[in-house]
Amino acid sequence: MVPQWIIEKKRDGAALAEGEIRAFIEGYTRGTIPDYQMAALAMAVFFRGMTRAELAVLTDAMMRSGTALETSRIPGVKADKHSTGGVGDKVSLILAPLAASCGVVVPMISGRGLGITGGTLDKLESIRGYRTDLAPDEFMAVLAECGCSIVGQTAALAPADRKLYALRDVTGTVPSIPLIAASIMCKKLAEGIDALVLDVKWGRGAFMKTPEQARELARTMVEIGAGAGKAMSALITDMNQPLGRTAGNALEVAETLEALSGRGAPDLMRVTLALTAQMLVLTGRVPDTSAARPILQAQLGSGAARRRFLEMVARHGGDAEALASGAGLPRARLRREIRAPRAGTVSAVDAGRVGRACLALGAGRTRVEDAVDHAAGISGIVKIGERVDEGQPLAALHANDEGRLDEALRIIDGAFAIGEGEARPPELIVETVRPGNG
Ligand code: URA
């Protein structure tokens with residue numbers, strides 16, 4: 001195999017053969033193909049795209065670059081959910097224990113936040129003692145006993161993706177739908193799951209800025225998963241305003257506990273229940289989503305899902321007792337409210353600005369190696385369509401540093417729009433994508 005011939009072939013718009021893709025990814029993982037050739041191929045894919053057949057091979061080759069999880073050792077049907085990321089998206093923390101309490105095994109490998117989108121691992125690490133770096137045997141044990149476990153990616157899982165993602169990050173090749181789809185799906189397929197539901201977000205606080213882009217990414221990933229024999233579906237959801245009422249790690253864990261106690265914000269619960277219902281359908285536990293609703297409500301109402309969350313936290317070394325009693329989470333030293341300049345109806349809450357303000361407060365990272373301040377973030381966020389009086393709080397900012405707080409206040413200025421009359425919240429769940437209906 002001559003790498004430059006493969007690069008030239010893709011550059012000129014031809015489809016690559018299976019052997020060419022596999023040899024390229026194997027060579028790149030082993031280090032016999034250098035970064036500059038991989039970067040050139042990524043750029044060629046960026047401009048020329050890939051056929052479904054090429055993408056299936058690329059995803060499979062990236063998955064096989066490492067060791068897949070041997071979840072088949074654990075009895076029961078396995079399913080996961082993946083979100084393309086947003087502001088205030090704490091759905092995984094609620095969905096994993098909720099689905100587990102319904103008998104679905106959820107081996108969830110999650111990521112850290114980068115840029116304005118938060119990461120599930122950062123949220124969980126705000127819980128005193130919670131370990132996201134379980135060894136494979138520990139992960140299997142938690143999964144077998146608790147039905148769900150949320151951990152970070154190990155070095156052995158899809159190493160080709162880890163290397164390629166870092167390279168794409170510095171070569172302008174991140175926003176390519178085929179490369180994003182292969183990157184996400186190779187890690188999910190390595191979990192050894194039977195079913196996967198995707199939450200593909202669009203809007204000001206999301207990667208995909210239009211519903212059309214989100215739809216294309218959703219279809220691409222659904223086809224890859226279905227081609228690999230997995231039960232698949234994707235919801236396209238709104239991320240123009242933050243999800244729920246908090247953004248920032250410890251604040252989102254506190255909101256999760258509220259949600260698991262039946263007091264979740266309506267938009268957060270709608271998205272969470274819709275995605276969990278999809279998991280129950282895809283795993284054959286219920287015939288359709290309407291049959292899933294009462295089951296999920298009962299698991300929330302009885303406290304079963306909350307107990308499952310606390311059990312998972314305890315098995316990961318987290319202080320579940322403190323958490324259950326309202327402690328166990330860090331609190332920021334400084335708190336500042338922003339208030340409505342006049343009475344009216346909230347007509348916009350810019351998720352992009354809220355996310356950037358969170359970043360300024362220290363809740364997120366701009367580079368992978370940055371540390372996060374788990375206590376920082378924003379709470380009490382008003383929602384589109386809500387009435388406010390003059391002087392009423394629109395949100396509260398939490399920080400441990402005056403300079404950061406001032407910077408965040410500058411950024412969030414203008415995030416909230418207040419109008420006269422009614423304001424309709426955006427359509428939260430735009431569409432469901434299934435294999436064959438794209
Ligand atoms: N998340 C991933 O895992 N990969 C991408 O390429 C983009 C987002």
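Tutor: A pocket here is an open set of grid points with protein on both sides within 12 Å along at least five of seven lines, and its lining residues have an atom within 4 Å of a point. The model is a predicted one.

The second largest pocket has a volume of about 490 Å³. Its lining consists of 24 residues, and those nearest the centre are Ala250, Ala254, Gly326, Leu329 and Arg331. Three elements, helix H11, helix H15 (320–324) and strand E6 (334–339), each contribute at least two residues to this lining. H11 has the largest share, with 6 residues. By class, the lining of the second largest pocket holds 12 nonpolar, 5 polar and 7 charged residues.

H11 (249–260) also supplies at least two residues to the lining of the largest cavity, as do H6 (120–125) and H16 (351–361). That cavity holds about 150 Å³ of space. Among its 22 lining residues, Ile116, Thr117, Gly118, Cys358 and Ala363 lie nearest the centre. There it is H16 that gives the most, with 3 residues. The lining of the largest cavity divides into 7 nonpolar, 11 polar and 4 charged residues.

The largest pocket has about 1400 Å³ of space. Its lining has 44 residues, with Gly111, Arg112, Leu114, Tyr165 and Lys187 nearest the centre. Strand E1 (79–83), strand E2 (106–110), H6, helix H8 (159–169) and helix H9 (177–189) are the elements that give two or more residues to the lining of the largest pocket. H8 provides the largest share, 6 residues. The class counts for the largest pocket are 14 nonpolar, 17 polar and 13 charged.

The whole structure has 2 cavities of 30 Å³ or more. The second largest cavity has a volume of about 70 Å³, and its lining has 10 nonpolar residues with no polar and no charged ones. H3 (35–48) and H2 (18–30) each supply at least two residues of that lining, and H3 gives the most, with 4. Leu58 is one of the residues lining the second largest cavity. Leu58 is also among the residues with the most contacts inside the largest nonpolar core, which has 145 residues. Ile412 is another of those core residues, and Ile412 touches Ile338, Val354, Ala357, Ile378 and Leu397, leaving aside residues up to four places away in sequence.

Note on methods
Residues numbered from 1 in each chain as written. Predicted model: local features only at pLDDT ≥ 70, side-chain atom pairs only at ≥ 80, totals over all residues. Heavy atoms only, no water. 1 Å grid on protein atoms, 1.4 Å probe; cavity = no way out; pocket = protein on both sides within 12 Å on 5 of 7 lines; lining within 4 Å. Points joined across faces, edges and corners; volume = space filled by probe spheres on them. Nonpolar A, V, L, I, M, F, W, Y, C, P; charged D, E, K, R; others polar. Core = buried A, V, L, I, M, F, W, Y, C linked by side-chain atoms within 4.5 Å. Buried < 20%, exposed > 50% of the residue type's maximum accessible area, 1.4 Å probe, protein only. Contact = heavy atoms within 4.5 Å.
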